[in-house]
Amino acid sequence: MERDDLIVNDSYALNAHHSEEEGAKIRKNIWKVTGILTLLTTAEVMMGIYFKRAETFTWSMIKWTFIVLTLVKAAYIVLVFMHLGDERSNLKKVILAPYMLFIGYLIFIAITEGFGHLGAFNAFH
Amino acid sequence: MWYFLVSDALTFGGLLTAYGFVRASSEDAWPIGEQVFRALPGLEGEYPLIYVALMTFILIVSSVTMVLAVEAGHRNDKNSVVRWMGLTIIGGFFFLGSQAWEWSHFIHGSGGSFLLAENVTVTSDDGETFNLTKGDPVFMDHHFGHLAEPWLEGAANISLVESDHGIKLVEVGEHSHEAALHSLTLNKYIENESHVSGDEAMKLWNARSETFAFGANMHDNEYAIQQSYANFFFFITGFHGFHVFSGVVINIIIFIMVIKGVFERRKHYEMVEKVGLYWHFVDLVWVFVFTFFYLV
């Protein structure tokens, strides 16, 4: 019976080559993503300079915009630059799922408890 | 490499979450990024966020050159790999240099502050009245603060001169110069700042306590009541800077191997891809640090 668990000259490294035409396409995509990242960062900085901080609805919307833009930038870096987008779906899940689960929970609990503590502090003083 | 990055990402996630927790549970106002970080090397005046934006851009560009090096590796194009990796390393050095300047500026501060020893009511230059209480910080300008620090430490060649026009600090000797107390600033880092000058400024100066802060260190800082602000800044940006530094070192090692033709003989450039992953990760972390330290 032919064994299929051996990797014989079939390693990822040797098969990851691509031709000049494919390369040109990849490079085009890289420059596109560079443009997007630069644009998003510029937008963030402009908003940071222009809007004055205050306890208003506008400012909290701006804060959320910063966070969403950051996540968009992070997605571009991870999926295109780190080419996680081209990996097998199992690897993608193994990398992203634990992270989202643990950090999502940690952020939720820390921020809730942080503000909760502040509320309790104000109530008692 | 991916598994290492996941664990490292958890570390940074934990650090930034800790920062968020302390900030959310803080009773005193938290400093505003664009009012703390608004200096450019060699220039007077205020340029909020421009310098950090530049640092962010440098890191993004070096990430791009890295991904181009990886792409060239897939075509076994040694010369292009050398070119793009070389540029990546230069970008890394630029970022490290910028961060060194940023730290130095953060540590030296811009004038320093003192806390009030009693309650004072003052009117700012634009006519607003402030009822300040004991313990509130008041900020000095860059020139006055520069002399105030050694003067407080008892430097023999610096003295305080009082005249009808107010007070000034005078340094004699080798670097003789002087700085007058033109105006003081309120709420410098926590909301829209106000300037107080003339007799009103003297009221604040006369109500000063012994507690002064200049820049930031591990014990106190001029930016915030909370020392944790400076501590988180030092730890998170320092830990990230250490990652950048090790990234540059690893990049240099692989760069030398590329030049020596190791990967050409191996017929693939997978090592370039692996260090590339690490380098992108460093960029990724900075994107988050940038948002949570400087913008939000």
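**Figure 1. The two domains of chain A.** Domain bounds here come from an automatic or database domain assignment. For chain A of this predicted model, that assignment gives domain 1 (31-86) and domain 2 (87-125). The C-alpha centres of domain 1 of chain A and domain 2 of chain A are 20 Å apart. As you follow chain A from the N terminus, its elements read α-α-α-α, and the tally for the chain is four helices and zero strands. Of its 125 residues, 12% count as buried.

**Figure 2. Where chain A meets chain B.** Let us move to the interface, where 44 residues of chain A are in contact with 42 residues of chain B. On the chain A side, α1 (12-15), α2 (20-50), α3 (57-81) and α4 (89-124) each supply at least two residues. Which helix gives the most to the side of chain A that touches chain B? It is α4(A), with 14 residues. Sorted by class, the side of chain A that touches chain B holds 27 nonpolar, 10 polar and seven charged residues.

**Figure 3. Chain B as a whole.** Chain B contains nine helices and 10 strands. Its C-alpha atoms fill a box of roughly 80 × 45 × 30 Å along the principal axes. The radius of gyration of chain B is 24 Å, whereas a compact globule of 296 residues would have one near 19 Å. Among those 296 residues, 38% count as buried.

Figure 4. The domain assignment of chain B gives domain 1 as 2-109 + 227-295 and domain 2 as 113-213. How many Å lie between the C-alpha centres of domain 1 of chain B and domain 2 of chain B? The answer is 38 Å.

**Figure 5. A three-stranded open sheet in chain B.** Here three strands of chain B form an open sheet in the order β5-β6-β7, with antiparallel pairing. Why is one side of β5 (158-163) and of β7 of chain B left without a neighbour in the sheet? Both strands stand at the edges and each has a single partner strand, so one side of each has no neighbour there. On average, neighbouring strands of this sheet are turned by 25 degrees against each other, direction ignored. Helix α5 (residues 142-152) of chain B lies across β5, β6 and β7 of chain B, and runs at about 65 degrees to β6(B).

**Figure 6. The pairing of β5(B) with β6(B).** Strands of a sheet pair through backbone hydrogen bonds, either parallel or antiparallel. In this view β5(B) and β6(B) run antiparallel and are joined by six bridges. To find your bearings, look for L160(B), which stands opposite L169(B) in β6(B).

**Figure 7. The hairpin of β6(B) and β7(B).** Strand β6 (residues 166-171) of chain B pairs with strand β7 (residues 177-180) of chain B in the antiparallel sense, over four bridges. A handy landmark is E171(B), which stands opposite H177(B) in β7(B). Which residue of the hairpin of β6(B) and β7(B) takes a positive phi? G173(B) does, with a phi near 105 degrees, and the hairpin has five residues between the strands.

Technical notes: Residues numbered from 1 in each chain as written. Chains lettered and ligands numbered in written order. Predicted model: local features only at pLDDT ≥ 70, side-chain atom pairs only at ≥ 80, totals over all residues. Contact = placed C-beta atoms within 7 Å. Nonpolar A, V, L, I, M, F, W, Y, C, P; charged D, E, K, R; others polar. Pairing = 2+ DSSP bridges. Axes fitted to C-alpha atoms, helices over the stretch in contact; angles between N-to-C directions. Rg over C-alpha atoms; globule rule 2.2 N^0.38 Å. Buried ≥ 20, exposed ≤ 12 C-beta atoms within 10 Å, placed from the backbone.
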